[in-house]
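Subject: Structure handover

Hello,

Please find the structure below, with the sequence. My notes on it follow.

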Amino acid sequence: LLLSGRYAPSLRAGLYRLLRSCYRRHTDWVEARAATRDEVSGLDASGCLVLLDRFLGGLTALEALPEELGAANPELRAELAQLQEAQRQHGAEVAALHRDLEFAEDRAERAHQRLRLLEEEARQLRHDLRESRENGEKLRTERRTRIESMRQSSQSQRDLARLQADYARLEQRLQGMAQRLAAAEQRPGGSPEVGELRVTVGALRRLEPSQVLGLATTPTDEELSQIRRRFAAVFHPDRVNGLPPWVRILCDEILGAVNEACDRAEADQG
C-alpha cells in the first residue's frame, strides 16, 4: 500500500508513520540507507518512501503483491483509522500514566520531607526528654539533700533544747549548793561540815553521766579524756591553795563525781 500510486500521499505518509511506530529498527535502517542517496535530501518521509519504493520494487520483481490488497481500500482505511485511534488512546493513556507518575513522585517527595521533619521533631523530643530527666534527677537530689538538712537541723534544735534544759537543771542544783554552802559559812566556826559537803556533791553522783558531763551523744575515749582534763583544770585541789579547807574538800568531791561519771560512760560504751 505504501508503494501504490493509487493512494494519496497523505495516506501513504500516514501508513509510513504507522510502520515506523511498529517497526522502529526497520525504518531506522531504511532511513539510514535513504540518507546515503544523492537524490534524497534529509530524513523526511517522502525521501524514505523513495528508497522504500525502490527496495520493495525489487522484492515485487521476485514475488509480486496480490492485486486484492489494493482493492480493499475502504476496509484498509477503516483499519488504519482504528489503528490510529488505538495509538492515540494508547498515547493518551501513557500521558495520563506519566502525569500520575509525576503526581505520585511529587507526593512521595512531600512525604519524604514530612518524614524528615518528623524525624527531626522526634530527635528534639528525645533531647528534651533526656534534659527533663536529668533536671528531674537533680531536683530530686536537691530535695533529698534539703530534707536531710532540715531533719538534721530539727535534730540539732531538739538536742540544743535538751542541753539547755539540762543546763538549767544543773544550774539550779549548783545554785542550791551555793546557797547551802553560804548558809554553812554563816555557822559558828565559819566552815561547813564535811558530811554536808559530801551530801551536797552526792546529788551529782546520782545523775546520769551525760548530765554530769554535759554530753548530748555517746562520747569516745578521746572526748572523755578531754572532759577529765577540763574538769581537773577547774576543780583540782592544788588550784585552791590558800582558801578555806571546805573548798578543797568540795573540789575533791566534784572531781570524784566527774571521774565516776566518766567511768560509767566508758562502761556504757562496752
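Helix 1 (residues 9-22) has 14 residues and runs 20 Å from its first C-alpha to its last, close to the 20 Å expected at 1.5 Å a residue; the expected span is 1.5 Å times one less than the number of residues. Helices here are DSSP runs of H or I with at least four residues, numbered from the N terminus. The model is predicted: local features need pLDDT of at least 70 and side-chain atom pairs count only at pLDDT 80 or more, while totals for chains, interfaces and linings use all residues. Residues are numbered from 1 along each chain as its sequence is written, and side-chain values use heavy atoms, with hydrogens and water left out.

In helix 1, the buried residues are Leu11, Arg12, Ala13, Gly14, Leu15, Tyr16 and Leu18. Buried means under 20% relative accessible area, exposed over 50%, and partly exposed in between (1.4 Å probe, protein chains only).

Next, the cores. A nonpolar core is a set of buried Ala, Val, Leu, Ile, Met, Phe, Trp, Tyr and Cys residues joined through side-chain atoms within 4.5 Å. The largest one has 18 residues, and Leu213 and Cys262 have the most contacts inside it. At least two residues of this core come from each of helix 7 (209-213), helix 8 (221-235) and helix 9 (245-269). Helix 9 gives the most, with 10 residues. Apart from neighbours within four places in sequence, cysteine 262 is in contact (heavy atoms within 4.5 Å) with Leu213, Leu224, Ile227 and Arg228. A second, separate core of 9 residues includes Tyr7, Leu15, Leu18 and Val30.

Helix 5 (residues 73-185) contains aspartate 166, which counts as buried because its relative accessibility is 18%.

On charged pairs, the count is 11 salt bridges, each a side-chain nitrogen of Lys or Arg within 4 Å of a carboxyl oxygen of Asp or Glu. Arginine 123 pairs with glutamate 120, their closest N and O atoms being 2.4 Å apart. Both lie in helix 5, 3 residues apart, about one turn of the helix. Arginine 140 and glutamate 137 form a salt bridge at 2.8 Å, N to O, and arginine 151 forms one with glutamate 148 at 2.6 Å. Arginine 151 and glutamate 148 are separated by about one helical turn, because they are 3 residues apart in helix 5. Salt bridges with shared partners also join Arg20, Arg24 and Asp28 into one network.

Regards
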